[in-house]
Amino acid sequence: MTETIIGIDLGTTNSEVAVVREGQAQVLEIQTGNKLLPSVVGFSEDGTLLVGEPARNQYALYPQRTIRSVKRLMGEDSHITLGEQQYTPQEISAIILRHLKSIAEQHLGEEIHKAVITVPAYFSDAQRQATREAGTIAGLEVVRIINEPTAASLAFDSEYPDQKVALVYDLGGGTFDVSVVRMERDVVEVLASHGNNKLGGDDFDQKIIEHIEAHIKETHQLDPISSPQTMARITQAAEAAKIALSDQPYVQIEEEYLLEKDGVPVHLSLELARHDYEEMIADYVDETLRAIHTALEGARMTVSDLNEVLLVGGSTRTPVIARRLEEELRLQPRSEIDPDLCVASGAAIQAAMIAGEKVGNVLVDITPYTFGTSAMAKYKGELYPYTFVPLIKKNTPIPVTKTEVFYTIFDGQDKVEVNVYQGEDSDALNNTKIGRFMIEGLSDVPQGNPLLSTFSLDLNGILHVTSQEKNTGLENSIRIDNAISRFENEEMAEATDRVQNLFGEPDTQDDKRRENTRAQALIEKAQRLMEKASDDDREDMVDLIETINDALQADDDESLEEAIDQLSDVIFYLEA
Ligand code: AMP
C-alpha cells in the first residue's frame, strides 16, 4: 500500500485537510458536520492549548492570549507573544498543521508523515520556506508546496481536455487574489497574480458593524465601542447577517440585552436589505474587478482569452460578486465546488498524483438546471411581464435555498400569480413551466408591496416554492416532486419518440404534437413581433401566450385551439 499524503490548505482565516480515497478527494471533518478549522491558536486561562473554534471563540475577550491570521506574518522575522511565551510564526502555523495531521490520523487510522501544503501565488521564497519549516516542526515532510490557484484549478473538473485558461478569483476572510492560470492536462501554470492581502470578508463585516454602531448611536444615544463584550456580539451578528444576505434579500439583526442605558436593557433590532449591503461593499467589489484587469495585463491576455472563471474563498458566496464578474467577463463563474474546500481538495489531488494514485473528478451534487420565476422587468430594453428571474442557477450545489424579493405593480393589487420555470432563457416563455400558484388576499396598499419568493431544492430533486407577503406573512406554496429527474424523463420520452419515428412506428400522440409545435412556433413568432406591436396588441399577445401555455399544461384542447386562432389573427394583422 502506498503511503497516504495529505493535502492541506493553510488559510489566513480557516484551514482544511483533505485526502484522496478510492479515487475521490475528500475534505475531512474537524468535528461532525464541520470541515473548516479556524486558523486561530490560543491559551485558555489555565494554560491549555486551544486550536480552532475554541480559540476563535475567546479571541474577542482575550486577544492577548489568542493569535489569528498568523499567515500574514509568515516569512517575517517576528515574534508573537502569547501569554508568557514568545513564538515564531512558523511555530504557530505548526500548531495548526499538527492539529490537522492528527485529525487525518484519526480519520484514516494510520500515521501520517507527508503533506502537500498550499500557499498564495504571490508568496515569496521566504514565505514558502517558512511554510515548509512549519510543516517540519509539525512532524510533516512537505513533499510539495503548491499555489492555491493551482490547487483550485485541479479541483474543478476541466471541461477543456487539452488546454484552458482560467481566472481563479479567490476572496476569503482577510485576503483577495486573482490569478490567470493555464492548464494543460494536469499541468497548471500560474501566468500572473494580483490582489490585496488586506481585503476580504472581514471588511464586509466591518461595514455592517459600522452600520449597526451608527444605528445604536442614533436610536439610543449610546456608543457600543466602549464595551468589548458588546462589540464581540455585534461582530458576530454582522457576519451572520452578511451570510444570511447571500441567500435572502433581507435580514433581521436581533440581539437582546446588548447594552444598558440608565439601568434599562437595550435590545438591537434592525433590518438590513441586501441592496443596501451591496452598496456598502461596492467599492471593495470594484477594486477586485480592477485587479482582474491588472492580472490579465500581467499575463498579456484579454478577457476574451479566458475560458473559465473559478470561484474560491467563502466570500465569493456573496451573490453580487458572481453577478458583477459575469457582467464584466461575459462568463458564468463556476461555483459548483464548495469555495471553502476546493483548495484543500486540489492539494489532496496533487498529493495523490505524487503518490502515483488514480484520481477522479471531485464529486458534487449539483442541479443541472436553472429554476426561477417570471416578473415584470426590463427585457431587451422594454418592460415585459415574462422576464425570467433565476433563483437557483444551474451547477449550484444542492441542497440549496434562495429567496428573492418581488413587488406588486398596481395600487391595491390583491393577488399575484407565481409561475415556476426551469430553463436558461431570459424570456420565461421559452423555458419549461413546471408549476404555478396564486397568492391571494394581499393587503390593500400602494404598488411596490414586497413579496418574498423562496425556492428550496433538496437532494432528492424536490423543489418547494413559497411566496410570502413580507409585511403580513401571508403565504402560499407549491411542492414540485422530481424537479430534476422529470426533465430527464421528458427528454427520454422525446428521444424514444424520435427513434420510434425513425422506424416508422405509429405514434398516437402525433396530432397533439403537431398542435403543440404549431403553438410553440406561433409563440416564437409573436415574441419576435412584440417590439413592433402597439401597447394594446402587445398586451393581447401576452395574455394569449399565457392562455396557450396554460391550455398546453392543462391539456385543454378547446381553449388551446381558440387561443391559437386568436393569436394567429393578431399576428396576421401585425404582419400585414
Ligand atoms: P475563507 O477565508 O475562504 O475561509 O473565507 C471566509 C470568509 O467567507 C469569511 O469572511 C466568511 O464570513 C465568508 N463567508 C462564508 N460563508 C459566506 C456566505 N454564505 N456569504 C458571504 N460570505 C461568506
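Reader: What is the strand order of the open sheet of four strands, and is the pairing parallel or antiparallel?

Author: In this predicted model, the order is β20-β23-β24-β25, and the pairing is antiparallel. Neighbouring strands of the sheet are turned by 15 degrees against each other on average, direction ignored.

Reader: What makes β20 and β25 edge strands?

Author: Each of them, β20 (400-407) and β25 (475-480), pairs on one side only.

Reader: How do you know that β20 and β23 pair?

Author: Pairing requires at least two bridges between two strands, and eight bridges join β20 to β23 (residues 450-457); the two therefore count as paired. Within β23, Phe 455 is the bridge partner of Lys 402.

Reader: Why is Ser 246 called buried?

Author: The relative accessibility of Ser 246 is 9%.

Reader: What makes the approach of the Ser 246 side chain to the backbone oxygen of Arg 317 a polar contact?

Author: The side chain of Ser 246 reaches that oxygen at 3.4 Å.

Reader: Which residues have the most contacts inside the largest nonpolar core?

Author: They are Ile 212, Ile 253, Ile 292 and Leu 325, in a core of 48 residues. Ile 212 touches Ile 253 and Leu 268, among others. Apart from this core lies another, of 37 residues, including Leu 10 and Met 74.

Technical notes:
Residues are numbered from 1 along each chain as its sequence is written. This is a predicted model: local features need pLDDT of at least 70, side-chain atom pairs count only at pLDDT 80 or more; totals for chains, interfaces and linings use all residues. Side-chain values use heavy atoms; hydrogens and water are left out. Axes are lines fitted to C-alpha atoms, for helices over the stretch in contact, and angles run from 0 to 180 degrees between N-to-C directions. Buried means under 20% relative accessible area, exposed over 50%, partly exposed in between (1.4 Å probe, protein chains only). A polar contact is a pair of N or O atoms within 3.5 Å; within protein, one must be able to donate a hydrogen and the other to accept it, and residues adjacent in sequence count only if both atoms are side-chain atoms. A nonpolar core is a set of buried Ala, Val, Leu, Ile, Met, Phe, Trp, Tyr and Cys residues joined through side-chain atoms within 4.5 Å. Contact means heavy atoms within 4.5 Å. Lists of a residue's contacts leave out its neighbours within four places in sequence.
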